[in-house]
Amino acid sequence: MKILHTADLHLNEGASERWDALDELVKVAREHKVSALVIAGDLFDHNAEAEKLRARLRAALAGGGFQTIILPGNHDYKAYLSGLYFGENVTVINNWAEPVRLGEAVIWGLPYERLSGERLVGRLREMGGLMNPEEPNILLFHGELLDAYFSRHELGDEGDQRYMPVRLSYFASLPLQYVLAGHFHSRYTGWQLPEGGLFIYPGSPVAVTRRENGRRVANLLTLGETPAETELNSYHYEELKINLDPFNPVDPRVLLEQKLQGIHPQAKVLLTVQGLFNGSTLALNESELAEALRKIAGSRLTGELVEEFYDVQHVLEDDLFKHFSSRLAGLDCPPGQEEKVKEMVIRAFRVVKACS
Ligand SMILES: [Mn+2]
């Protein structure tokens, strides 16, 4: 039996790329013939969205040939309290004591509540008492794993509050095969539970903030086996760095074009251009080069182009530098060494020029 596990779609009325990501998840779920698509919290960006968007959600999830199991998260837990209908094959786990049966597996959920760590330990112990250790038990959880030491911004836009803070040790007494979690957006991560079983964050399936860098994935799980990430074709950000080298004959504009070709079509680029260039060979000054690169990146660029590059033609044309370069060329330097030394000298010249 297979399950596709995701979380943190943060659907709202706008952000069409998040709806596209939902369609992509449905497609992947079908291709792998999973029994269930599990959404471990924050399916909606805000509580109010569920009421407005449920018809659209029903359409997206209908006819997939699998169950959808939704856990309320910190962004949307109030949305499910009135028992909204999301479709025939969609179940919301609103009660920690009422699991969902899926083939031979039992899917438990801990819907989001404002609970302290201490009360969470008690709650998990109560849940453990209800579980049959002979059955494959799976727990859906939305919150923060304190063992993970994430930086705050890896969670998405959550501010400084702690949501359902747990430690791996809290799960020690529970007969669990998997904890399928949500809330941590950055990337797919997994931990071994103290007494067997695995805790998995799949990362967001679509970038919600610019910090969600790199291809997005979902967690594809075959019961009893080690889960694996499966790549999604969805909107995300890619960091791209171009290092300029005044001795590299390849034009930086061509370099950028080449690098853009290797980037996923649904990715937006966070572009940083660093290093030194010779404005006279390119016939461009710093602002013209920035403009040209911005134009090449076009609509693929997101945010500001980070400009950390300098035109050093005034150094390259300096007589002292030319003299030094010809001396260096006459020496028998190992490959690459000459360019390295020249770059160091250019940087030193820039400092000297700034003083004079
Ligand atoms: Mn969350």
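**Reading the sheets and a helix pair**

Guide: In this predicted model, Thr-189 stands opposite Tyr-201 in E10. Local features here require pLDDT of at least 70, side-chain atom pairs count only at pLDDT 80 or more, and totals for chains, interfaces and linings use all residues. Residue numbers start from 1 along each chain as its sequence is written.

Visitor: Which strands does that residue pair belong to, and how many bridges join E9 to E10?

Guide: Strands (E, at least two residues) and helices (H or I, at least four residues) are DSSP runs numbered from the N terminus, and two strands pair if DSSP finds at least two bridges between them. Here, 4 bridges join E9 to E10 (residues 198-201), and the two strands run antiparallel.

Visitor: In what order do the strands of the sheet containing E9 lie?

Guide: This open sheet has 6 strands in the order E5-E6-E7-E8-E10-E9, with mixed pairing. Its edge strands, E5 (100-102) and E9 (189-192), each pair on one side only. Neighbouring strands are turned by 20° against each other on average, direction ignored; axes are lines fitted to C-alpha atoms, for helices over the stretch in contact, and angles run from 0 to 180 degrees between N-to-C directions.

Visitor: What is the strand order in the sheet that contains E1?

Guide: That open sheet also consists of 6 strands, ordered E4-E3-E2-E1-E11-E12, and its pairing is mixed. At its edges are E4 (90-92) and E12 (228-231), each pairing on one side only. Its neighbouring strands are turned by 25° against each other on average, direction ignored.

Visitor: Which strands does helix H1 touch?

Guide: H1 (residues 16-31) packs on the sheet and touches E1 (2-6), E2 (36-40), E11 (217-222) and E12. Its direction makes about 165° with that of E1.

Visitor: In what sense do E3 and E4 pair, parallel or antiparallel?

Guide: E3 (residues 67-71) and E4 pair in the parallel sense over 3 bridges. Ile-69 stands opposite Thr-91 in E4.

Visitor: Which residues make the contact between H4 and H6?

Guide: H4 contributes Pro-252, Arg-253, Leu-256, Glu-257 and Leu-260, and H6 contributes Leu-289, Ala-292, Leu-293, Ile-296 and Ala-297; residues are in contact if their C-beta atoms, placed from the backbone, lie within 7 Å.

Technical notes. Two residues are in contact if their C-beta atoms, placed from the backbone, lie within 7 Å.
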